[in-house]
Amino acid sequence: MDIDPSRVWIIVPAFNEAQVIGDVVADLRSVFAHVVCVDDGSSDTTAETALRAGAHVVSHPVNLGQGAAIQTGVEYARSQPGAAVFATFDADGQHRLKDVVSMLERLSRGDVDIVIGTRFAGSTISHTPPLKRLVLRAAARLGPSSRRLGLTDAHNGLRTFDKTVADHLDLTMSGMSHAGEFIALIDENRWRVAEEPVEILYTDYSVSKGQPLLNGVNVVFDGFLRGRLRR
Amino acid sequence: MNWIQVLLIAAVVALLMYLLRARSNAKAKAWVKIGFALFVIAAVYAILRPDDTTVVANWLGVNRGTDLLFYALVIAFIFTTLSTYLRFKELELRYARLARAVALAGARTPEG
């Protein structure tokens, strides 16, 4: 990897993930020096487990949602001395470490500001359930920003990005609508973006923690209202 | 087309405009107060002379004053619902930022 791993910060938003967060953090720590786990008001031992596994821990006093947790993690990481490269990584164990590494390599070529993981590009075999796949692909094609940017997977939790993106990131959608907002911010700020094929591990655990498809209705509605609110 | 239809459609369009450019500033707040003052005057008048609402309704192509008031109520209700929704969203964002500041102040590092 061309990027100095000591300048990389991995941001892991977590809500009641005590069962798996220890392994996820330990796995990340085997490659990266800096992991920050944002405990989103968990009622279990997520924060302590992550801390013991070697992560920095920032705890929301109340549950705010994944979007808010990512924003908190980015704000923490970007204020750390030497931080230059950032990655978001879901806490439920659905992402693969080697995908982050290849996305960081892609970012290190220097021609883009942000790399987003996609389940639906290249030759990777996607194990996404058919209905979920259909909805996600439709979302990517129907969203004005993701279509303009040519993105194929608008709701992937894996992203790697540079300091420019981290410094200007301001997610206001606290819940699951942040993924669409992230894409819209890329479009508005003219950040250079690329996609990298990744695999999502649909384990029983990650599926049980995943969001129901019906939540897509909320996501679409929030996207419509975005920008109507005072910042 | 009846006048009431024109008015109702205009009201719906105005609501949409409000939704699209909802930003609480001093001007908007002043208009809300003026609107409320007009509402009070109209309410007092309608209470004193209830049959006049039917006269106004007939001008607008509605049979009964009651129906006219009902239409106005529906529009007012939608307006209130939307502005409350937007207000809540705005408060949620502030609340998130407050919670974030608390979280960042209490950050823990693995070194202890």
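Two residues are in contact if their C-beta atoms, placed from the backbone, lie within 7 Å. The model is predicted.

**Exercise 1.** Determine how many residues of chain A are in contact with chain B, and which elements of chain A contribute two or more.

*Solution.* Start with the count: 21 residues of chain A are in contact with 20 residues of chain B. Next, assign the chain A side to elements. Strand 3 (56-59) and helix 3 (66-78) of chain A each give two or more residues. Helix 3 of chain A gives the most, with five residues. Last, sort the chain A side by type: ten nonpolar, eight polar and three charged.

**Exercise 2.** Check the span of helix 4 of chain B against its number of residues, then find what its buried residues pack against.

*Solution.* Helix 4 of chain B covers residues 65-105, which is 41 residues. Now list the buried residues: L68(B), A96(B), A99(B), R100(B) and A103(B). They pack against strand 3 and helix 3 of chain A, and against helix 3 (51-60) of chain B.

**Exercise 3.** Describe how helix 3 of chain A packs with helix 4 of chain B.

*Solution.* Take the geometry first. The angle is about 45°, and the axes are 10 Å apart. Helix 3 of chain A is therefore oblique to helix 4 of chain B. The crossing is right-handed. Then name the residues. Helix 3 of chain A uses A68(A), Q71(A), T72(A), E75(A) and Y76(A). Helix 4 of chain B answers with A96(B), R100(B), A103(B) and L104(B). By type, the residues of this contact divide into five nonpolar, two polar and two charged.

Notes. Residues are numbered from 1 along each chain as its sequence is written. Chains are lettered from A and ligands numbered from 1 in the order in which they are written. This is a predicted model: local features need pLDDT of at least 70, side-chain atom pairs count only at pLDDT 80 or more; totals for chains, interfaces and linings use all residues. Helices (H or I, at least four residues) and strands (E, at least two) are DSSP runs, numbered from the N terminus. Ala, Val, Leu, Ile, Met, Phe, Trp, Tyr, Cys and Pro count as nonpolar, Asp, Glu, Lys and Arg as charged, and the others, Gly among them, as polar. The expected span of a helix is 1.5 Å times one less than its number of residues. A residue is buried if 20 or more other C-beta atoms lie within 10 Å of its own, exposed if 12 or fewer, and partly exposed in between; C-beta atoms are placed from the backbone. Axes are lines fitted to C-alpha atoms, for helices over the stretch in contact, and angles run from 0 to 180 degrees between N-to-C directions. Angles under 35 degrees count as roughly parallel, over 145 as roughly antiparallel, 65 to 115 as roughly perpendicular and the rest as oblique. A crossing is left-handed if the near helix is turned anticlockwise from the far one by less than a right angle, and right-handed if clockwise.
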